[in-house]
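Here are my notes on the side-chain contacts in this one. Have a look at the model first, then go through the points below.

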Amino acid sequence: MQKEEKQMDFIKCECGYNNKPWNVKTYGTCTGCGKVLDKQAKFRHDMYNKLKLWKGKRWY
C-alpha cells in the first residue's frame with residue numbers, strides 16, 4: 001500500500017522558499033529568511049508570545 005501524497009498550495013517568498021500556508025497563518029513570517037509575509041498574523045504572534053497579553057486563552 002502506497003502512502004497518499006496531498007497536493008498543497010505553498011506560499012512562495014521572494015527568497016525562493018516555499019512556505020506552508022499553516023506556518024504563514026500562524027507565525028506571519030517566511031520560514032527561510034524571516035521576512036514578514038502576513039502583518040496581522042505577525043502581530044498576533046508577537047502579542048501572544050512576547051507580551052503575553054492573552055495568557056491562558058486560545059489566540060487563533
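1. A quick definition before anything else: a residue is called buried under 20% relative accessible area, exposed over 50%, and partly exposed in between. K35 has a relative accessible area of 35%, so it goes down as partly exposed. Keep in mind that this is a predicted model.

2. What does K35 pair with? Its side chain meets that of E14 in a salt bridge, with 2.9 Å from N to O. K35 sits in the loop between α1 (21–27) and α2 (39–51), while E14 sits in the loop between β1 (11–12) and β2 (18–19), so this contact ties together parts 21 residues apart in sequence. E14 is exposed, at 71% relative accessibility.

3. The structure has 2 salt bridges. Besides the one above, K42 and D46 meet through their side chains at 3.5 Å, N to O. Both of these residues belong to helix α2, and they are 4 residues apart, about one turn of the helix. K42 is partly exposed, with a relative accessibility of 24%.

4. On the aromatic side, searching the whole structure turns up 1 pair. For context, planes over 60 degrees apart count as edge-to-face.

Terms used:
Residues are numbered from 1 along each chain as its sequence is written. This is a predicted model: local features need pLDDT of at least 70, side-chain atom pairs count only at pLDDT 80 or more; totals for chains, interfaces and linings use all residues. Side-chain values use heavy atoms; hydrogens and water are left out. Rings of Phe, Tyr and Trp (its six-membered ring) pair if their centres lie within 6.5 Å; planes under 30 degrees apart count as stacked, over 60 as edge-to-face and the rest as tilted. A salt bridge is a side-chain nitrogen of Lys or Arg within 4 Å of a carboxyl oxygen of Asp or Glu. Helices (H or I, at least four residues) and strands (E, at least two) are DSSP runs, numbered from the N terminus. Buried means under 20% relative accessible area, exposed over 50%, partly exposed in between (1.4 Å probe, protein chains only).
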